[in-house]
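Hi,

Here is the structure I said I would pass on. Have a look at it first, and then read my notes below.

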Amino acid sequence: MEYTLHERGEKTVTEIHRLTEVLESSGDFLDLMANSPSRYILLHKRNVCEEFFDLKSRLAGEILQKAVNYQIHFGIIGDFSVYESPSLKDFIYESNRGRQIVFVETLEKGLLLFS
C-alpha cells in the first residue's frame, strides 16, 4: 500500500495512492483499516472495484457499514458523474451530507471535509 499522510490540525488523514489489489470485499476494507496509520482514510476511485458502485451488489453498504462500526472516516476521490444510476446519485448525496463517509472529486475537498 502506497500512501501519503496529511496533517490537518490534530487529525492525520491517510491518502492511499495505490493498493496491491483493488478493494473488492468488506474483508479487503478491514485489511485496509488495519494497515492504515490513521482513522481518516481517503482512497482514490481507481483502487475500488466497479461492483462497489452498483448498489444492487450490496458491496458499498457492507464496506461503509464497517467504516461506521469501527468509527473510520472514509472517502473516495474520483469522478462519479459517469454513473447514471439515480440510486447511486442519491446514495452519494446522502453520504456527503455527513462527514464520516464522503465521495469527493479532489483530494483537496476530501481533506477539507476531514479537517
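**Histidine 6 and its surroundings**

Let me start with a pair of side chains: histidine 6 and glutamate 15 are joined by a polar contact of 2.8 Å. Please keep in mind that this is a predicted model. Histidine 6 sits in strand E1, which covers residues 2-8. Is histidine 6 buried or exposed? Its relative accessibility is 18%, so histidine 6 counts as buried, given that the cut-off for buried is under 20%. Not counting residues up to four places away in sequence, histidine 6 touches Lys11, Thr12, Val13, Glu15, Leu107 and Leu111.

**The sheet**

Now for the strands. There are five strands in an open sheet, with mixed pairing, and their order is E1-E2-E3-E4-E5. E1 and E5 are at the edges and have a single partner strand each, so one side of each has no neighbour in the sheet. From one strand to the next, the twist averages 20°.

Going through the pairs:

- E2 and E3 are parallel, with four bridges; valine 13 has tyrosine 40 in E3 as its bridge partner.
- E3 and E4 also run parallel, joined by five bridges; here histidine 44 has isoleucine 77 in E4 as its bridge partner.
- E4 and E5 pair in the parallel sense over four bridges, and isoleucine 77 turns up again, with valine 104 in E5 as its bridge partner.

How many of the residues of E3 are buried? The count is five of its five residues, so to speak a strand that is mostly covered. Side chains in a regular strand alternate between the two faces of the sheet. In E3, Tyr40, Leu42 and His44 point one way, while Ile41 and Leu43 point the other way, and all are buried. E4 is mostly covered as well, with four of its five residues buried.

Isoleucine 76 is worth a click while you are in E4, the strand in which it lies. With 1% relative accessibility, isoleucine 76 counts as buried. Leaving aside neighbours within four places in sequence, isoleucine 76 is in contact with Leu43, Lys45, Val48, Phe52, Val102, Phe103 and Val104. One of these, phenylalanine 52, is 24 residues away along the chain, and the C-alpha atoms of isoleucine 76 and phenylalanine 52 are separated by 11 Å.

Next, helix H1, residues 26-35. Which residues of H1 are buried? They are Ser26, Phe29, Leu32 and Met33. Looking down the axis of H1, you will find these buried residues within an arc of 105°, so they line one face of the helix. Ala34 and Asn35 are exposed, on the face of H1 turned away from its buried side. The packing partners of the buried residues of H1 are strand E2 (11-18), strand E3 (40-44), helix H2 (59-69) and strand E4 (73-77).

H2 can be read in the same manner. Its buried residues include Leu59, Ala60, Ile63, Leu64 and Ala67. These cover an arc of only 115° around the axis, which puts them on the same side of H2. The buried residues of H2 pack against H1, E4, H3 and E5. Just after H2, look for glutamine 71, which takes a positive phi of about 55°.

**The cores**

Finally, the nonpolar cores. The largest nonpolar core has 26 residues, and the ones that touch the most other members are Phe29, Phe52, Phe74 and Phe103. Which elements give two or more residues to this core? They are H1, E3, H2, E4, helix H3 (86-97) and strand E5 (101-104). H2 gives the most, with five residues.

Apart from neighbours within four places in sequence, phenylalanine 74 is in contact with Leu23, Phe29, Leu32, Ile41, Leu43, Leu64, Ala67, Gln100, Ile101, Val102 and Phe114. There is also a second, separate core, of nine residues, and among them are Tyr40, Val104, Leu107 and Leu111.

Cheers

Notes:
Residues numbered from 1 in each chain as written. Predicted model: local features only at pLDDT ≥ 70, side-chain atom pairs only at ≥ 80, totals over all residues. Heavy atoms only, no water. Buried < 20%, exposed > 50% of the residue type's maximum accessible area, 1.4 Å probe, protein only. Arc of directions from axis to C-beta. Contact = heavy atoms within 4.5 Å. Core = buried A, V, L, I, M, F, W, Y, C linked by side-chain atoms within 4.5 Å. Polar contact = N/O pair within 3.5 Å; in protein donor to acceptor, adjacent residues only side chain to side chain. Pairing = 2+ DSSP bridges. Axes fitted to C-alpha atoms, helices over the stretch in contact; angles between N-to-C directions.
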